[in-house]
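Thanks for asking me to look over this model with you. Here are my notes, written for someone meeting the structure for the first time.

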Amino acid sequence: MPHATASWLVDNTALTFDQIADFCGLHILEVQAMADDMAGQKYTGRDPVRAGELTHAEIEKAQDDSSYRMKMHKAPVQMQRTKGPRYTPVSKRQDKPDGIAWILRNHPEISDAQISKMIGTTRNTIAAIRDRSHWNIQNINPKDPVTLGLCSQRELDAAVAKAAKKAGTDEAEPKTDTRLTDDRQALIDELKAERVQAAQDAVEAAQEAEAQAWLDARKAEGNAQD
């Protein structure tokens, strides 16, 4: 989230545009446009300190020395709950519909089950937001769930990757041409019917030959008696 992070740094620090651009991997003119409110898209600020990417000490060091370039802080991996419903602080629960709407708009490939697990919501709520039947739909404003603190960037990236992989697997699965199977079965059935008919014809021919032989034998006996 480089643009959202840059927006937060512009609004909350005294860092130079060059320092912010270097840390976020942006062009300095992009950062300047954000500061001047000239950017084509408004970004919701994303706190890199809260996200574990920076420390206050690192920011203060950069503010004291404009030539200093901030370094990304490696935050320790937090233990994740693997079972049970996801707990969301009361203060964040009202933001859930906004986060759900953002995912539905930007990542429609993510399944309802993934959204439910990631945000900590119900499938009924997701369906209501999708078909715009939610009771508060008029006030729902799609916002990045990471920025809202409803999930981590790692969780969102993992969900997107999993959904993309599943979609790729489904597309890669070869579609069986049922016409070939149907034609093959029809040919087998036809050959089987021909064999059955041939056997019946052979039996009838044998019976006719046997009857004819019997008649010929009777005629021969009659002639001999005469």
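1. Let's begin with Gln114, whose contacts (heavy atoms within 4.5 Å) reach Ala159, Lys162 and Ala163, leaving aside residues up to four places away in sequence. Gln114 belongs to helix α7; helices here are DSSP runs of H or I with at least four residues, strands are runs of E with at least two, and both are numbered from the N terminus. Gln114 is also buried, at a relative accessible area of 15%. Buried means under 20% relative accessible area, exposed means over 50%, and partly exposed lies in between, using a 1.4 Å probe and protein chains only.

2. A word on what you are viewing: this is a predicted model, in which local features need pLDDT of at least 70 and side-chain atom pairs count only at pLDDT 80 or more, while totals for chains, interfaces and linings use all residues. Residues are numbered from 1 along each chain as its sequence is written, and side-chain values use heavy atoms, with hydrogens and water left out.

3. Staying with helix α7, which spans residues 112-120, you will also find Ser116 there. Ser116 is buried, with 18% relative accessible area. Once residues up to four places away in sequence are set aside, Ser116 touches Thr121, Thr122 and Ile126.

4. Now for the whole chain. How many helices and strands does the secondary structure contain? There are 11 helices and 0 strands. Of the 226 residues, 28% count as buried. Among contacts with a separation of 6 or more, 61% are between residues 24 or more positions apart. The accessible surface comes to about 16,000 Å², and carbon and sulfur atoms hold 52% of that surface; these areas come from the Shrake-Rupley method with a 1.4 Å probe, and for residues only the protein chains shown count as cover.

5. The axes of α2 (residues 17-24) and α3 come within 8 Å and cross at roughly 120 degrees; axes are lines fitted to C-alpha atoms, for helices over the stretch in contact, with angles from 0 to 180 degrees between N-to-C directions. On the α2 side the contact involves Phe17, Asp18, Ile20 and Ala21, and on the α3 side Ile28, Val31, Gln32 and Ala35. By type, these residues divide into 6 nonpolar, 1 polar and 1 charged, where Ala, Val, Leu, Ile, Met, Phe, Trp, Tyr, Cys and Pro count as nonpolar, Asp, Glu, Lys and Arg as charged, and the others, Gly among them, as polar.

6. You will find Val49 in the loop between α3 (28-35) and α4 (56-64). Is Val49 buried or exposed? At 18% relative accessibility, Val49 counts as buried. Apart from residues up to four places away in sequence, Val49 touches Leu54, Thr55, His56 and Ile59. Val49 and His73 are 24 residues apart in sequence, with their C-alpha atoms 9.0 Å apart in space.

7. Finally, the cysteines. A search of the whole structure turns up 0 disulfides, a disulfide being a pair of cysteine sulfur atoms within 2.5 Å. Cys24 is buried at 11% relative accessibility, and Cys151 is buried with a relative accessible area of 6%.
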